[in-house]
Amino acid sequence: MDAEGTVRRQVFEYLPVSLFGSVMGLTGLSVAWRLASHRYGPPSVIADAIGWIALAAFAALVVAYGAKAVTAPRTVVAEFNHPIAGNLFGTILISLLLIPILLVRSAPALAKGIWIAGAAGMVVFAWTIVNRWMGSRQQLAHATPAWVVPVVGLLDIPLALPALDLPAAHPVAVFALSVGLFFALPLFTLIFSRLLFEEPLPAALRPTLMILIAPFAVGFSSYVAVTGRVDGFAEALYMLTLFFLAVLVGRLRNLPFCPFRVSWWAVSFPLSASAATALRYADATGSAWADGIALALLAFASIVIAGLAVRTLAGIARGELRTLST
């Protein structure tokens, strides 16, 4: 209601900020296909096409969520202050950190500007959330995989740097890698304890379990981007990625038989990041078994993300977006 007492029409007030995870998943898949093109020779047009879809999805979500922020600001504030959903505002910033990888060849100056904005925003957001956690008593039931996003999301900062040619940003990359890996340990332990000893996650949050792969898969790529090598520590992160991926895919095996929700997009970035990790590892080692795993993960991530995209577009076409967002 505005100052004159008239009711303001709220637009997209039901749209969750977590839907920016779809941009992360699509961007990650484009990167994975680019890596596959370099190693195995499939046409780069596949990576380009997925990249353009990711950019279109980001633009559409910026417009839609911007409309929500203008017409339903209290809803946005409530979402930001929510102990679980508030952490997922990091998906916007992570999208800004990944998009420059898509733009660097065609618009390098724009890519650098977007990355700088994303990196600065991610650091401030991580600081804000850590202060929130330490400023008041938290409930163990709120310690869901979404808690990984704000601080461990710092690991996404170094990913674009090898392509952006910003040597002055190397200390920032080291800072992000250090803080992200440091917080990954206690957060993973806390969330894992909650999953063991508390009530199971609600059905709507169950796909977020896949986020638990991010510290290992993204950690691998971030570490390699900073150090420029695949050493024993990187190999350990790769092995942990494979182990937890096998565990979590098994835990979510019944998901395709459940009613679809846009929250399912939470699985997209962890899967595409795992495929990119496997491709980088295969390229570094050159072993046949690593190539087999990399190709299998790329195929799996591509099928899952394509299915999510088709189902989401079908829901939008049928006017079901509000229902799918609840």
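Glu13 is buried in this predicted model, with a relative accessible area of 18%, a value under the 20% limit for that class. The side chain of Glu13 meets that of Arg322 in a salt bridge, at 2.7 Å from N to O. Because Glu13 lies in the segment before α1 and Arg322 in helix α13, the pair ties together parts that are 309 residues apart in sequence. Arg322 itself is partly exposed, at 44% relative accessible area.

**Salt bridges**

The whole structure holds nine salt bridges. Three of them are set out below.

| Pair | N to O distance | Separation in sequence |
|---|---|---|
| Glu13 and Arg322 | 2.7 Å | 309 residues |
| Arg34 and Asp48 | 2.3 Å | 14 residues |
| Asp283 and Arg39 | 3.4 Å | 244 residues |

The bridge between Arg34 and Asp48 joins helix α1 to helix α2 (residues 45-71). Arg34 counts as buried, at 16% relative accessibility, whereas Asp48 is partly exposed, with 30%. Both residues also belong to a network of salt bridges that includes Arg105. The bridge between Asp283 and Arg39 links helix α11 (residues 268-285) with helix α1. Arg39 is partly exposed, with a relative accessible area of 28%.

**Segments at the two ends**

Gln10, like Glu13, is placed in the segment before α1 (21-40). Gln10 is partly exposed, at 41% relative accessible area, and touches Thr71, Ala72 and Thr75, leaving aside residues up to four places away in sequence. The C-alpha atom of Gln10 is separated by 33 Å from that of Leu140, which is 130 residues away along the chain.

Ser325 is found in the segment after α13 (321-324). This serine counts as buried, with 15% relative accessibility. Apart from residues up to four places away in sequence, Ser325 touches Tyr14, Pro16 and Val262.

**Overall architecture**

The protein contains 13 helices and zero strands. Its radius of gyration is 19 Å, close to the 20 Å that the globule rule gives for 326 residues, so the protein is as compact as a globular protein of that length. Along the principal axes, the C-alpha atoms fill a box of roughly 65 × 45 × 45 Å. Buried residues make up 51% of the 326 residues. Of the contacts with a separation of 6 or more, 78% involve residues 24 or more positions apart.

In soluble globular proteins, nonpolar side chains tend to be buried together. The largest nonpolar core here has 114 residues, and those with the most contacts inside it are Trp115, Met122, Leu154, Ile157 and Met210. Helix α5 (residues 108-135) supplies the largest share of this core, 10 residues. Not counting residues up to four places away in sequence, Met210 touches Leu245, Leu248, Val249, Leu252, Ala266, Val267, Pro270 and Leu271.

The accessible surface comes to about 15000 Å², of which 69% belongs to carbon and sulfur atoms. Phe192, Leu196 and Phe197 make a nonpolar surface patch of about 360 Å². Leu196 lies in helix α8 (residues 170-197) and is exposed, with a relative accessible area of 51%.

Asp165 is placed in the loop between α7 (161-164) and α8. Asp165 is exposed, at 59% relative accessible area, and has a phi near 55°, a positive value in a residue other than glycine.

Key:
Residues are numbered from 1 along each chain as its sequence is written. This is a predicted model: local features need pLDDT of at least 70, side-chain atom pairs count only at pLDDT 80 or more; totals for chains, interfaces and linings use all residues. Side-chain values use heavy atoms; hydrogens and water are left out. Patches are made of residues with over 30% relative accessible area and no salt bridge: like charges are joined within 9 Å, nonpolar side chains (Val, Leu, Ile, Met, Phe, Trp, Tyr) within 5 Å. Accessible areas come from the Shrake-Rupley method with a 1.4 Å probe; for residues, only the protein chains shown count as cover. A salt bridge is a side-chain nitrogen of Lys or Arg within 4 Å of a carboxyl oxygen of Asp or Glu. Helices (H or I, at least four residues) and strands (E, at least two) are DSSP runs, numbered from the N terminus. Buried means under 20% relative accessible area, exposed over 50%, partly exposed in between (1.4 Å probe, protein chains only). A nonpolar core is a set of buried Ala, Val, Leu, Ile, Met, Phe, Trp, Tyr and Cys residues joined through side-chain atoms within 4.5 Å. Contact means heavy atoms within 4.5 Å. The radius of gyration is taken over C-alpha atoms; the globule rule is 2.2 Å times the number of residues to the power 0.38.
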